[in-house]
Amino acid sequence: MSSRPELQAPPEIFYDDVEARKYTSSSRIIEIQANLSERALELLALPDDGVPRLLLDIGCGSGLSGETLSENGHQWVGLDISQSMLDIALEREVEGDLLLGDMGQGLGLRPGVIDGAISISAVQWLCNADKSCHVPKLRLKAFFGSLYRCLARGGRAVLQVYPENIQQRELILRSAMHVGFSGGVVVDYPHSSKKRKEYLVLTCGPPSVSTSVPTGKGEDGESSSDDESSGDEENQTVCISDRHRPKKKQKITKKGRGRDWVLKKKEQRRRRGDDVPPDTKYTARKRKARF
Amino acid sequence: MRLLTHNMLSSNIKGVSNGFPLRIEVGKVVEKQVDFNADFLRNMFPKIEWKAFVDAAKTVGYAELPEEVDSSALESEEFLNKFHHALLELHLEEGALVCPETGRRFPVSKGIPNMLLHEDEV
Ligand SMILES: C[S@@+](CC[C@H](N)C(=O)[O-])C[C@H]1O[C@@H](n2cnc3c(N)ncnc32)[C@H](O)[C@@H]1O
């Protein structure tokens, strides 16, 4: 493609009847989107118990990504801003429910009800300001904030994105971390310009043993040595950078902020309605390198 | 749109504090058969707002659900069948969803609710 679709027109205009049909009749696109969706579902790492889950497909388009979810037995709800794309989804009789909506306005879903979310080739659209009232940063915030809230505790979101440049990638990632997600970017085929694909893998809710506390991490002065570790680049499959908050912030907090600062931050988050661990004598204490 | 989705949706118009449940205006309801899966139903049950679900089912013409339940109901095959039917097989095809606080109508056409907000609602 000569130019990025994101630069040509707003999504609801770009994906008109003609483009929607063209998109969905290309066997090449169908195959690529199916592969991306399979991989996203794998990265969602749902419990391997055969129980169908309720999943969200954000920017579901004509249902190519959702179809992968159905094939794996899951129920899903898809959201898209293009009526033309949704019309094709209807034509293809997808099994998920469809909503016409703009993720940049936030997802109108009850808290904690969604088991997991995927988004394939869609979220980078939020980096553009298509209307005078659009501020990408605010739209990303509305999107990620609402995504965080509607996911069940410990639920994951895997978003395959095509950022235009490093700034866009940072903007998207930072917006996700800002609302409380932890996680990072998984890059498949990092050394192939054609096959390279990147996925934001986000986890919400209380940290498990494997993911340390998003609030505690930078804030208790503990240095985070595990960020930006570049997985197994050698075998050309995946390289993972696991981070819990933007690098810049981590740098600042490495020196360690005082207990007062931590208490203040925790109070702020409590007022926002976040789940924050109670203050104890251990709050903001420097941790030993190992427990 | 199925009642499953209706039970998850809430109006997120700026300033609305409780946008759930959206009131259903029925134009047309259709039934589509879905494979029964008890595991899915058990997984979903705790997340369903039961009263809203029962009311929504009645609105679309299905009154077989018990007004009150607890998780022991999940042992009953008869209950699971009704739950399955109401949750997954009844579609609001034409009509509208109405914000309980503001009365704003979100039209539903060809089974797809239009949840796009106007600029001043964001
Ligand atoms: C490249 S298509 C991918 C569609 C589908 N996920 C797939 O894999 O085939 C990107 C989709 O994102 C949708 N999209 C872009 N911006 C959006 C927004 N703000 N809200 C909802 N959907 C959006 C577009 O309408 C389009 O259908």
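Helices and strands are DSSP runs, numbered from the N terminus. On that numbering, A:Ser82 sits in the loop that joins strand 2 to helix 5 of chain A. The model described here is predicted.

**Chain A overall**

- The secondary structure of chain A consists of ten helices and eight strands.
- Chain A has 291 residues, and 54% of them are buried.
- Among contacts in chain A with a separation of 6 or more, 66% are between residues 24 or more positions apart.

**Annotated span**

- An unreviewed UniProt entry assigns the annotation "domain: Methyltransferase type" to residues 56–158 of chain A.
- Within residues 56–158 of chain A, 31% is helix and 27% is strand.
- The end C-alpha atoms of this span of chain A are 10 Å apart.

**Interface between chain A and chain B**

- The size of an interface is often expressed as the accessible area lost when the parts come together.
- For chain A and chain B, the area buried between them is about 2,500 Å², with 57% of it on carbon and sulfur atoms.
- Three residues, A:Asp97, A:Gln105 and A:Arg110, supply 27% of the area that chain A buries against chain B, more than any other three residues.
- In terms of contacts, 31 residues of chain A meet 31 residues of chain B.
- Four salt bridges are counted between chain A and chain B.
- A:Asp97 forms a salt bridge with B:Arg2, in which the closest N and O atoms are 3.2 Å apart.
- The rule also finds 17 residue pairs in polar contact across the interface of chain A and chain B, both residues being at pLDDT 80 or more.
- On the side of chain A that touches chain B, the elements giving two or more residues are strand 2 (75–80), helix 5 (83–91) and strand 3 (97–100).

**Surroundings of A:Ser82**

- A:Ser82 counts as buried because its relative accessibility is 1%, and the cut-off for buried is under 20%.
- A polar atom of the A:Ser82 side chain lies 2.9 Å from the backbone oxygen of A:Tyr15.
- Apart from neighbours within four places in sequence, A:Ser82 is in contact with A:Pro11, A:Glu12, A:Tyr15 and A:Leu100.

How values were computed: Residues numbered from 1 in each chain as written. Chains lettered and ligands numbered in written order. Predicted model: local features only at pLDDT ≥ 70, side-chain atom pairs only at ≥ 80, totals over all residues. Heavy atoms only, no water. Helix = DSSP H or I, 4+ residues; strand = E, 2+ residues; numbered from the N terminus. Buried < 20%, exposed > 50% of the residue type's maximum accessible area, 1.4 Å probe, protein only. Contact = heavy atoms within 4.5 Å. UniProt positions renumbered as here; feature names shortened; annotations may be inferred. Buried area = accessible area lost by both parts, 1.4 Å probe. Salt bridge = Lys/Arg side-chain N within 4 Å of Asp/Glu carboxyl O. Polar contact = N/O pair within 3.5 Å; in protein donor to acceptor, adjacent residues only side chain to side chain.
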